[in-house]
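Me: Please take a close look at one part of this structure, the loops and their backbone angles. Start with the whole protein, so that I know where I am.

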Amino acid sequence: MLQIISELSVENKIFYAVLVFSWTVYLWEAYLAHRQRRIYRSTKHVPVELGKIMDTETFEKSRLYQLDKSNFSFWSGLYSETEGTLILLLGGIPYLWSVSGAVIARFGLGSDYEISQSLVFLMLATLFSAFTGLPWSIYNTFVIEEKHGFNQQTIGFFLKDAVKKFIVTQCILLPVTSLLLYIIKIGGDYFFIYAWLFTLAVSLVLVTIYADYIAPLFDKFTPLPEGELKEEIESMAKSISFPLTKVYVVEGSKRSSHSNAYFYGFFKNKRIVLFDTLLEDYSPLNKGSEGESEAGEEGEGESAAKPKPKNKRQGCNNPEVLAVLGHELGHWKLGHTVKNIVISQMNSFLCFFLFAALIGRKELFLAFGFHDSQPTLIGLMIIFQFIFSPYNELLSFCLTVLSRRFEFQADAFALAMGRASELYSALIKLNKDNLGFPVADWLFSTWHYSHPPLLERLRALGGPKQD
């Protein structure tokens, strides 16, 4: 075996090393998922320590929901890994590059127009990915999420949304990619510095404009009405010097009954966004027929959403919402957001630096079927996606560990604000609303959970309390 490997050319060693590592990661992930599925199948009764936190009915619903999601993830992951392997083995990347060359040739452009060919390649690749991923997305939304009561979309709304997402993605991706390739081409020996600065600027711009100009293309954002909740939010923000300018409610209920909250913005221009499904008093899913009537008016003339009345009220009351926001603002006050940005940009700079060192290696291109050319876009794909994959896996795990640490710190911040009991009950409600399963395999959770398991968070907030 070792002799066979030693006789392989450098490019073949690179190619097979990429394939072996990719399947190794997949098998590791599959093993972890198998351990967690074993937990889902065997834990059919509420553990004693959860008796005051979760009722038997909700526990069983969450168990079945997570089991279905895990089974779906196994098959979709196997398909994705097989598809990627076949693309590499059958020379799909150089073939698509040649097709892109043929497309621009129809417009009188030759191989000298590498950036134009790269943009066609990128569009075709994303189109292929969108089509092959569509059946899986449809199954996930209209079978699994529908079965467990989360999906609020019609098929017409879903497809319209998918087309809109693809168009918006292309409108951002193609200009940014063309400018990045141009910078790399003309940047000289220090192009990696200019490329890094450009991607930094793009990321900051996108973060700044996303909620104001991009997200409203897909979801309706309305200012939180004047009242007690808004006054309490503004008062809490002021107490920690958070420069809050606006509070929005996003109509997340037209897609799903899952809930969320986040803040965005730079410097003195911060905004808070609350999903309507997070707010007990605003969620259409708590309004029964009234919610159906309102949704019908919103979606008049098109297939929009289909809110379903629930037997139980969803979301959190005002004190609990404030506790959740106390946790989120804790991330800001403790510098977690800035730390994540710094880590991200340090990683980005390192990757561009290493890319500059490797882009001239012809064997990297030969390994993936490029014998006559070394396109910059293909170099980016090979190096960032394949060559850096071991580093990316390690970094991802380290960031997961760091994220859990940040979550505990943000919980402690909310506790210090005197909102421990409200956060305690909010975490339980959100876990129930989202059918989170509170029992996890230790290895699976260590590798995957960016947030600590529910029980660990509740213990840190002060131990069991009456719900």
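Reply: The mean positions of the 43 positive and 46 negative charges of the protein lie 3 Å apart. Here Lys and Arg count as positive and Asp and Glu as negative, while His and the chain ends are not counted; each charge is placed at NZ of Lys, CZ of Arg, CG of Asp or CD of Glu.

This is a predicted model, in which local features need pLDDT of at least 70, side-chain atom pairs count only at pLDDT 80 or more, and totals for chains, interfaces and linings use all residues. Residues are numbered from 1 along each chain as its sequence is written, and side-chain values use heavy atoms, with hydrogens and water left out.

The mean pLDDT (the predictor's confidence in each residue, from 0 to 100) is 88, and 90% of the residues reach 70 or more. In residues 289-305 the pLDDT is below 50, and this stretch has 19 contacts (heavy atoms within 4.5 Å) beyond near neighbours in sequence. Residues 307-311 also have pLDDT below 50, with 15 such contacts in the model. Where pLDDT is low, the predicted coordinates should not be read in detail.

The protein has 17 helices and four strands; these are DSSP runs, with helices (H or I) of at least four residues and strands (E) of at least two, numbered from the N terminus. Its radius of gyration is 25 Å, close to the 23 Å that the globule rule gives for 467 residues, so the protein is as compact as a globular protein of that length. The radius is taken over C-alpha atoms, and the rule is 2.2 Å times the number of residues to the power 0.38. Of the contacts with a separation of 6 or more, 77% join residues 24 or more positions apart. Buried residues make up 44% of the 467; buried means under 20% relative accessible area, exposed over 50%, and partly exposed in between (1.4 Å probe, protein chains only).

Now the loops. S241 is found in the loop between α8 (228-239) and β2 (244-250). Its phi is near 60 degrees, a positive value in a residue other than glycine. With a relative accessible area of 53%, S241 is exposed.

L435 is in the loop between α15 (420-433) and α16 (442-448). L435 is not a glycine, yet its phi is positive, at about 50 degrees. At 8% relative accessibility, L435 counts as buried, whereas S241 is exposed.
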